[in-house]
Amino acid sequence: MRQDRSIEAFLDDYGKATVLVSHRFYQGKVESFYIKDMQGNCNDCIIRSVVNHGDYTQYDCTVPAELKIGDEYILVDNHGLQSILQYRFIVRTRMFDETFKYDGNDLGNRYTEKYSEFALWAPTAHRVECLLHIDGHEKIYIMKRSDFGVYRLTIHENLKNATYVYLVHVNGEVYQTTDPYAISCNSNGTRSAILDPKEFVSFKENNCPAFEHPVDAILYECSIRDMTSSSTSGAKKQGKYEGFIERNTKNNGRATGFDYIRLLGVTHVQLMPVYDFATVDEDQPNRQYNWGYDPLNYFCPEGSYSIKPNDPLMRVNELRKIVSSLHEVGLRVNLDLVLNHHYDLSKSNLSNTVPYYYFRYHDNGSLSNGSFCGNDTDSCRAMMRKYMIDNIKMWMNVYDVDGFRFDLMGIIDVDTMNEIVRAAKKIKSNAMIYGEGWNLPTYLSDENKACISNNAKMPEVGHFNDYFRDSIKGKSSEGDSFLKGYCTGDGDLRFNVANSFTGNVKTENSVKIFQEPQQSINYVECHDNQTSWDKLKDCCKEDTREIRLRKHKMLIASVLFSQGVPFLHAGQEFCRTKLGYHNSYNLPDSINQMDWDRMIRYEDIVQYTRTCILLRKKFEAFRLRTTKEIDEKISFEYMDANILAINIRHNESKWNCSGMKIILNPFGVDRQFHFDEQCTVLLDENGLVKKLISSQDIQIKSYSLLVCAIM
C-alpha cells in the first residue's frame, strides 16, 4: 500500500472489496467496515479473511454487489478512519467489459462550424469536465454521463483550433488529461486540439503500382529526423517532416533524402515512430534525441518534426504531405506503432481516464512489465482492443498509410492482431501487418501471445525472422557481437542458411518456422542493435576492409534473394555505422544521422543493392507466394568446402529460363563447380554481369554470392 496512507480500499470485483490498513494505525487491527454513498446511505461490509503483510493488514470483504459503477463511495472502519473506495480490479472482470463495452465510433471530438461534440469513455469516473482553451481564455464545461459510461458534451460555438483537457474525477483524485482519441495536440502534447478536417491538405495523385502479395514488398526502415539531420543531406529543413520530402537535395551531385529513396527501388517506406512521443522537447528539439519508442499520445503526430510544433494543424498536414509525396512517386508507407506500453503511466491519458483498465497487472496487483519499459498494455480488455483497432483505422483514414509494423508485438494477444488485420484489410485489401514476434515475459499465457511460435494462428501477420538474421549474419545482442553467421564466416551454418533462404517454410528436412513465406520478414539489420557494418568489424576483425565489404554485399544479397519479405535498414546499403553502439535510441544526431558522405564513399554497394532489388522485382523465382510452391521448386546442393547452392525451379517464361541458382561462398578461396544444367551468371561480387555467357562450369570468387539463370 502507499506509504502516505493509513487505509486504502479497492473494489476488486462485484461484491468484493480489498482493504489495506497500515500498522501505524491501531497496529492495523479493525473489527468492522461499512460503505457510505454520497447521499449518506450506509451498508455494512462482511470481513471474509484477514492477512498480515508485515507493515499492513489486508482485509478481504464482501460488499453490496449492486454498487453503481461511477458513483463515489467511502469506506469507514470502526475507528472512524475513512478511505475512498477505489475502482480497481473490478474493471478487469468480464462483467465490467460486458456492461460497459462501447462499440461507437464517436469517441474524441467532432468539429462543425456551429458546434463541437466531445465523447470520453470513463465508466468509473463520477464526474468529468472539459477545460477549454480558446483565444487565450479558459472555461470549464461539465460533461453528461450517458450509456456505457461515455461522458458527452456539445458546445454550440465555433471551436476551430481550440485546445482542451479533461478533468476526470475518479478514485478520489482529479486527473487532468488529454483526450485519448484526439488526432492532434499542442506542443509537447499537454492539450488536445479541435481541428477542421476541411483544412487538411489534399492528397496528391497516388501512383503506387499494383501490389498483389506481401512477398512483392521491399521494406525500407528510416527515421524522419535521421534522413536529413546531417548537413551532408543538403536539406534546408533538416530533421523535419518537410525536410524529408524536399526534392532535388544533393551531396556532391548525388541525390539524397527523398530522391535517394525514390531511386533505390524499394516498394515500402517504413517510418520509425511518427506518433507523439515523450522525451524530446518539441519546443527545443535539438536539445534531445530519441527514436520515439516512448509513446505519449498514440493518436497524434510527433511535434518535434514539425516546423511549428505548437500548431496542431501543421503537424497533421506535414505528415499527410509525407505520405502523399511518397505515394506520388510510387512508394507505399508503413508506420511503426508502439501500442505495447506507455512511456510514463502517470502521464497516460488512458490510465488517467480509467485507472487499472488499459494496462496489464499480475494477480498480486503489480504491473506486468514484459516490455521492460515499466508497463504493458492489455489488449485482452475490450476497450483496449478497440482502441488499438481504432488507432490503425485512424492512421489509414486520416493519413492514407498502407500498413503497420508492431513494436514488441508479443505483448499483444493473438485475437487482437487478427482483428487488426481484418480492420486494416477492410480499408486496404493489401495492407501489411507485421511486427516483432518475440516471446516476452508479459502476464499473458504463451498460447495467446502474438509471437512467432503462434504464427499459425495469425496467417496474415508477418514476423521479423531472427533465425534468418542469426544464421546469415550472426547473433545481434551485445554479448554476441563476436559470433559469426554463415555469410560472415561460419560454414557450419549452411544448413541453417538453406532453411533461411526459404523463409523457413519448407516442410521436409528443414527448420520450419512459418506457414507461408509472407510471414517471414527477412533482415540482417534494423534500428535495434549494431549496424551490420559495425557487427562485421567485431566478428571479422581479422579481415581486411575489402573482405568486409564483400561480406557486407553478401548480407544484402541474402536478404533480397530469399523467399519471404525483404527488409532493409536505411543506410545499410552504404555501410551505415553507429560507431559500434548497440542501442542508439537516445544518442545524438552525430551517431544516428544518415551520413551522406558514406553514400558517395560506398557508391558501388549502393549500386549493388539497386541491382539486387531490380533482379528481385524482375524474376518471380525470388518471390514464390506459397509454401507449396517452395516445397516443389526449391532444392539445395551442399557442395565441397561448405559452399551452398540453392536451386529454384520456376519457369520464367518472360526471360526464357527455367529457374534460378544462388551460390554462396563466404570463404577465402575461389571455387569452380560443374553443374548438370547450363547456367548464366546474372550477378556476381561486382554487381550486374554485362557479358552473359551460358556454361555448366561456374566459378565463384571468394566472399561472394552468385545469381545464375538456369537455362
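**Close-up 1. His133 and its bridge partners in the predicted model.** In strand S12, Glu138 is the bridge partner of His133, while in strand S15 the residue standing opposite His133 is Thr163. The model shown in this and the following views is predicted.

**Close-up 2. Strand S11 and the strands that pair with it.** Strand S11, which spans residues 127-134, is mostly covered, with six of its eight residues buried. S11 runs antiparallel to S15 (residues 163-170), to which it is joined by seven bridges, and it also pairs in the antiparallel sense with S12 (residues 137-142) over six bridges. S11 and S12 form a hairpin with two residues between them, and in this turn Asp135 has a positive phi of about 55 degrees.

**Close-up 3. The largest cavity and its lining.** Of the four cavities of 30 Å³ or more that the structure holds, the largest contains about 70 Å³ of space. Its lining includes Leu107, Trp121, Pro180, Tyr181, Thr353 and Met383, and the elements that give two or more residues to this lining are strand S10 (116-121), helix H6 (349-353) and helix H7 (382-399). By class, nine of the lining residues are nonpolar and one is polar, with no charged residues.

**Close-up 4. The second largest cavity and its lining.** The second largest cavity, with a volume of about 60 Å³, is lined by 14 residues, of which Asp71, Glu72, Tyr87, His126 and Asn171 lie nearest its centre. Strand S8 (82-87) and S15 are the elements that give two or more residues to this lining, and the largest share, three residues, comes from S8. By class, the lining of this cavity has six nonpolar, six polar and two charged residues.

Methods
Residues numbered from 1 in each chain as written. Predicted model: local features only at pLDDT ≥ 70, side-chain atom pairs only at ≥ 80, totals over all residues. Heavy atoms only, no water. Buried < 20%, exposed > 50% of the residue type's maximum accessible area, 1.4 Å probe, protein only. Helix = DSSP H or I, 4+ residues; strand = E, 2+ residues; numbered from the N terminus. Pairing = 2+ DSSP bridges. 1 Å grid on protein atoms, 1.4 Å probe; cavity = no way out; pocket = protein on both sides within 12 Å on 5 of 7 lines; lining within 4 Å. Points joined across faces, edges and corners; volume = space filled by probe spheres on them. Nonpolar A, V, L, I, M, F, W, Y, C, P; charged D, E, K, R; others polar.
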